[in-house]
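Subject: Structure handover

Hello,

My notes follow below it.

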Amino acid sequence: MARRTDGGVPGGSRRSSAQTRRRRAVPAIALGAMCLGIAGLLVMLPAVSDACQPVPTTSDFSAEQVADAIAPGSDVLIVGDSYTTGRGSYDDVHGWAQDLVSERQWDATINGYPGTGYVNPGRGRSSRTVYLSRIEQRSALTPDLVIVQGSQNDWLTDAATLEKTVERTLRQAEAQWPNAVVVAIGPSAPQPRAEATTGINDAVAAGARAVGVPYIDAIDGQWFTAMNSGSYAATDQQHLNDAGYLYLAGRIGAELDDLATQPDGEQCL
């Protein structure tokens, strides 16, 4: 077949050279505009070094410090209320703390008193049983890890007082054991009791945050729900049974593991 010489338009005449040049100029102009747009965008974007931002941390402790503190054989102090003593378990003295210590092979001192808290002294009404006093009484210990649990029992304390007392208590633990990792655990009751502890949880979380102490939040994490609480609650519906304490120990252990592996330093976006 003969090659067409009319510009490929049936019945048409050959385009002028000016028309051809204009048609070829359009892609060139578009390409140039695109290049200018990309160049402008690159100017607007931050440099790679500027895009490296500090990774937000939840505490003053590095992941390496936490990993060392939770390693098998570590010296651990656990201070808490009836959940730490194991109220509701088969013998009332075997709770999440005992399960976690056994599983992690820690050399632990478990210091739990039913009915007590950061502010609430419990049935004895003695100031020596609140968390701060019990921490001060154990100054001779040299723990690698200090866990302060609770407390559901501070429900009659106003939020401002509770927050300040939590802050004071955790600061004392850090000052007393400057080489230890201090961790706070909030209320961890099953439903429907958990609904009544949200105010306590907020105040304890704020106190821990003010000190820079990691806070393990069972309420925010929705550990105990309407679906699972029936299986985990003790007969009084206020404490946990054996399965509940074992479950709680597993959740706390997982949170500690997360703290031990969180990124430190800068991360480039």
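The notes below go from the whole chain to single elements and residues.

**Ground rules**

This is a predicted model: local features need pLDDT of at least 70, side-chain atom pairs count only at pLDDT 80 or more, and totals for chains, interfaces and linings use all residues. Residues are numbered from 1 along each chain as its sequence is written, and side-chain values use heavy atoms, with hydrogens and water left out.

**Whole chain**

The protein chain has nine helices and seven strands. Both are DSSP runs numbered from the N terminus: helices are H or I with at least four residues, strands are E with at least two. Of the 269 residues, 44% are buried. Buried means under 20% relative accessible area, exposed over 50%, and partly exposed in between (1.4 Å probe, protein chains only). The chain exposes about 14800 Å², and carbon and sulfur atoms supply 54% of that. Those areas come from the Shrake-Rupley method with a 1.4 Å probe; for residues, only the protein chains shown count as cover.

Now contacts, meaning heavy atoms within 4.5 Å. Take those between residues at least 6 apart in sequence: 77% join residues at least 24 apart.

**The sheet**

Five strands form an open sheet. The order is β3-β2-β4-β5-β6, and the pairing is parallel. Strands pair if DSSP finds at least two bridges between them. β3 and β6 stand at the edges with a single partner strand each, so one side of each has no neighbour in the sheet.

Two pairings in detail:
- β2 and β3 run parallel and are joined by six bridges. I78 has I110 in β3 as its bridge partner.
- β4 and β5 pair in the parallel sense over five bridges. L145 stands opposite V181 in β5.

β5 is largely enclosed by the rest of the structure, because five of its five residues are buried. Both of its faces are covered. V181, V183 and I185 lie on one side, V182 and A184 on the other.

**Helix α4**

α4 covers residues 96-104. Seven of its nine residues are buried, so this helix is largely enclosed by the rest of the structure. The buried ones are W96, A97, Q98, D99, L100, V101 and R104. Their cover includes β2 (75-80), α3, β3 (107-112), β4 (145-149), β5 (181-185) and α9. Q105 follows α4 and has a positive phi, near 60°.

**The nonpolar core**

A nonpolar core is a set of buried Ala, Val, Leu, Ile, Met, Phe, Trp, Tyr and Cys residues joined through side-chain atoms within 4.5 Å. The largest one holds 55 residues. Those touching the most other members are W96, W106, Y118, L145, L170, I252 and L256. α9 gives the most to this core, with seven residues.

What does W96 touch, not counting residues up to four places away in sequence? The list is I78, Y83, T84, I147, Q149, I185, Y245, L248, A249 and I252.

**Aromatic pairs**

There are five aromatic pairs. Rings of Phe, Tyr and Trp (its six-membered ring) pair if their centres lie within 6.5 Å; planes under 30 degrees apart count as stacked, over 60 as edge-to-face and the rest as tilted. Y83 and Y245 form an edge-to-face pair, at 6.0 Å centre to centre and 80° between the planes. This pair links distant parts of the chain: Y83 is in α3 (residues 82-85), Y245 is in α9 (residues 242-259), and they are 162 residues apart. Y83 is buried at 2% relative accessible area. Y245 is buried too, at 0%. Separately, F224, Y232 and Y247 form one aromatic cluster.

α7 has 14 residues (198-211). The expected span is 1.5 Å times one less than the number of residues. That gives 20 Å for α7, and its end C-alpha atoms are 20 Å apart, which agrees. Among its buried residues are I200, N201, V204 and V211. Cover for the buried residues of α7 includes α6, β5 and β6 (215-216). Just after α7, G212 takes a positive phi of about 85°.

E167 is in α6 (residues 159-176). Is E167 buried or partly exposed? E167 is partly exposed, at 23% relative accessibility. Beyond its neighbours within four places in sequence, E167 is in contact with G207, A210 and V211. E167 and A210 are 43 residues apart in sequence, yet 6.7 Å apart in space, C-alpha to C-alpha.

Best regards
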